[in-house]
Amino acid sequence: MALKRFGVSLEENLLCELDELVTNQKFPNRSQAIRFLISKEKVTEKWNGNEEVAGAIVLVYDHHKKDLQTKSTDIQHDFHDLILSVQHVHLDHNNCLETIAVKGKSSQLKLLSDQLIALKGIKHGKLVMSACS
Ligand code: NI
């Protein structure tokens with residue numbers, strides 16, 4: 001897509017904050033930082049507007065808690081149409097890391113994520129909110 005240039009007027013302190021963002025997040029330049037902020041805002045809008053989105057649910061738990069795995073699987077079957085893939089990694093003798101790739105209406109993905117993360121025995125859980133495009 002063709003690049004368009006435009007002038008931006010910003011207060012000095014805001015420009016400093018933009019440059020801090022560029023430095024801290026290792027963007028090559030201000031344009032890339034602005035692209036990042038626009039796409040981040042668009043993703044937030046999609047999630048708030050209950051649009052079709054994609055993401056990942058990350059869970060860390062102790063695999064010795066058998067009841068937890070059964071409950072987690074039951075919930076995942078209830079929402080099977082949202083789940084694209086499940087990756088299970090054995091972190092060490094006790095701990096498992098599960099990454100569940102999901103796609104669907106944001107409210108449904110949040111419901112699935114909330115139910116999984118709330119299970120007793122989950123040590124850490126997080127929903128990574130991204131977009132389909
Ligand atoms: Ni495991």
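Visitor: Where is Phe6 found relative to helix H1?
Guide: Phe6 sits in the segment before helix H1 (12-24). Helices here are DSSP runs of H or I with at least four residues, strands are runs of E with at least two, and both are numbered from the N terminus. By the way, this is a predicted model, where local features need pLDDT of at least 70, side-chain atom pairs count only at pLDDT 80 or more, and totals for chains, interfaces and linings use all residues. Residues are numbered from 1 along each chain as its sequence is written, and side-chain values use heavy atoms, leaving out hydrogens and water.

Visitor: Why is Phe6 called exposed?
Guide: Its relative accessible area is 63%. The label exposed needs over 50%, while buried means under 20% and partly exposed lies in between (1.4 Å probe, protein chains only). So Phe6 counts as exposed.

Visitor: What makes His88 and His90 donors to the nickel ion?
Guide: Donors are N, O and S atoms within 2.8 Å of the metal (3.2 Å for Na, K and Ca). His88 (NE2), His90 (ND1) and Cys96 (SG) coordinate the nickel ion at 2.1 to 2.4 Å, so they qualify under the 2.8 Å limit. Water isn't among the atoms, so sites may look incomplete.

Visitor: Why is His88 called partly exposed?
Guide: Because His88 has 30% relative accessibility. His90, at 62%, is exposed.

Visitor: How do you know that strands E1 and E3 pair?
Guide: Two strands pair if DSSP finds at least two bridges between them. E1 (residues 52-62) and E3 (residues 95-105) have 11, running antiparallel, so they pair.
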